[in-house]
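Let us walk through one protein model, step by step. Keep the sequence and the 3D view side by side.

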Amino acid sequence: MSDPEPDLVRLVAIRDTPLDVAEVLDALDDDGAGGLTLFVGRVRDHDGGKGVVGLDYSAHPTALTRLEDVCRRVADEHDVRGVAAVHRVGALRIGDLAVVVATTAAHRGDAFAASRALIDTLKAEVPIWKHQLFDDETEEWVGAP
C-alpha cells in the first residue's frame, strides 16, 4: 500500500497581523521542488494618479473558504508540489505586505504559471475589498460589489 498523496495546499490564511514571507517559504519547503515562485503584493503610495496615504482591507465571512477553494483549484490544474496564499485585512500603511502567494513545482515554468493563476484568480474571486485613502482626502473602494 502506497502512502497517500500529501496535501498540496500547505498554507491558507487571512490575517489582521503583518504577513511573513519566511512563513510562506517554510510552508513550501520541499526537496523535490526545483522551482518556487513567490509573489508579494505591497501597499504602494499611488493609484490612478493620486497619492495613497493608507488603506483598509475588509473580507467577507466566506473569504477564507473561497481562498482555500482557489488554492485547491490551482493545485488541481497545475503540476505543482505545493501552494500557499496569505492575505492581510485591516488598516495597512504604505510598504506593508497585503498578500503573499507562492507555488512550488519540479520545474520553474510550472511554478510561474501556477503562481500567476493563483494571484489572478484570488484577485478575481475572493471577496476581499480595498478601501483606499488618498492624499487629497478622497477615498475609493476597490473590488467591492
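Does arginine 73 count as buried, partly exposed or exposed? Arginine 73 counts as partly exposed, at 32% relative accessibility. Here buried means under 20% relative accessible area, exposed means over 50%, and partly exposed lies in between (1.4 Å probe, protein chains only).

Some ground rules come next. This is a predicted model, where local features need pLDDT of at least 70, side-chain atom pairs count only at pLDDT 80 or more, and totals for chains, interfaces and linings use all residues. Residues are numbered from 1 along each chain as its sequence is written, and side-chain values use heavy atoms, with hydrogens and water left out.

Stay with arginine 73. Its side chain meets that of glutamate 125 in a salt bridge, at 2.6 Å from N to O. A salt bridge is a side-chain nitrogen of Lys or Arg within 4 Å of a carboxyl oxygen of Asp or Glu. This pair links distant parts of the chain: arginine 73 sits in helix α2, glutamate 125 in helix α3, and they are 52 residues apart. Helices (H or I, at least four residues) and strands (E, at least two) are DSSP runs, numbered from the N terminus. Glutamate 125 is partly exposed, with a relative accessible area of 31%.

By the salt-bridge rule, the count comes to eight. Another of them joins aspartate 7 and arginine 72, at 3.1 Å from N to O. Aspartate 7 lies in the segment before β1 (9-15) and arginine 72 in helix α2, so this pair ties together parts that are 65 residues apart in sequence. Aspartate 7 is partly exposed at 43% relative accessibility. Arginine 72 is partly exposed too, at 40%.

Now find aspartate 30 and arginine 10. Their side chains meet in a salt bridge at 3.9 Å, N to O. Aspartate 30 is in the loop between α1 (21-27) and β2, while arginine 10 is in strand β1, 20 residues apart. Aspartate 30 counts as buried, at 19% relative accessibility. Arginine 10 counts as partly exposed, at 28%. Salt bridges that share partners join Arg10, Asp30 and Arg81 into one network.

Turn to helix α3, residues 108-125. The buried residues of α3 include Ala111, Ala114, Leu118 and Leu122. In an α-helix there are 3.6 residues a turn, so residues three or four places apart point the same way. What covers the buried residues of α3 includes β2 (35-42), α2 (63-77), β5 (82-88) and β7 (97-105). Contact here means heavy atoms within 4.5 Å.

Aspartate 96 lies in the loop between β6 (90-92) and β7. Aspartate 96 is buried yet has no salt bridge. The nearest side chain of opposite charge, arginine 88, is 4.1 Å away. For charge, Lys and Arg count as positive and Asp and Glu as negative; His and the chain ends are not counted. The side chain of aspartate 96 does reach the backbone nitrogen of arginine 93, at 2.7 Å.

Most residues other than glycine have a negative phi. Glutamate 137 is exposed, with a relative accessible area of 76%.

Terms used
A polar contact is a pair of N or O atoms within 3.5 Å; within protein, one must be able to donate a hydrogen and the other to accept it, and residues adjacent in sequence count only if both atoms are side-chain atoms.
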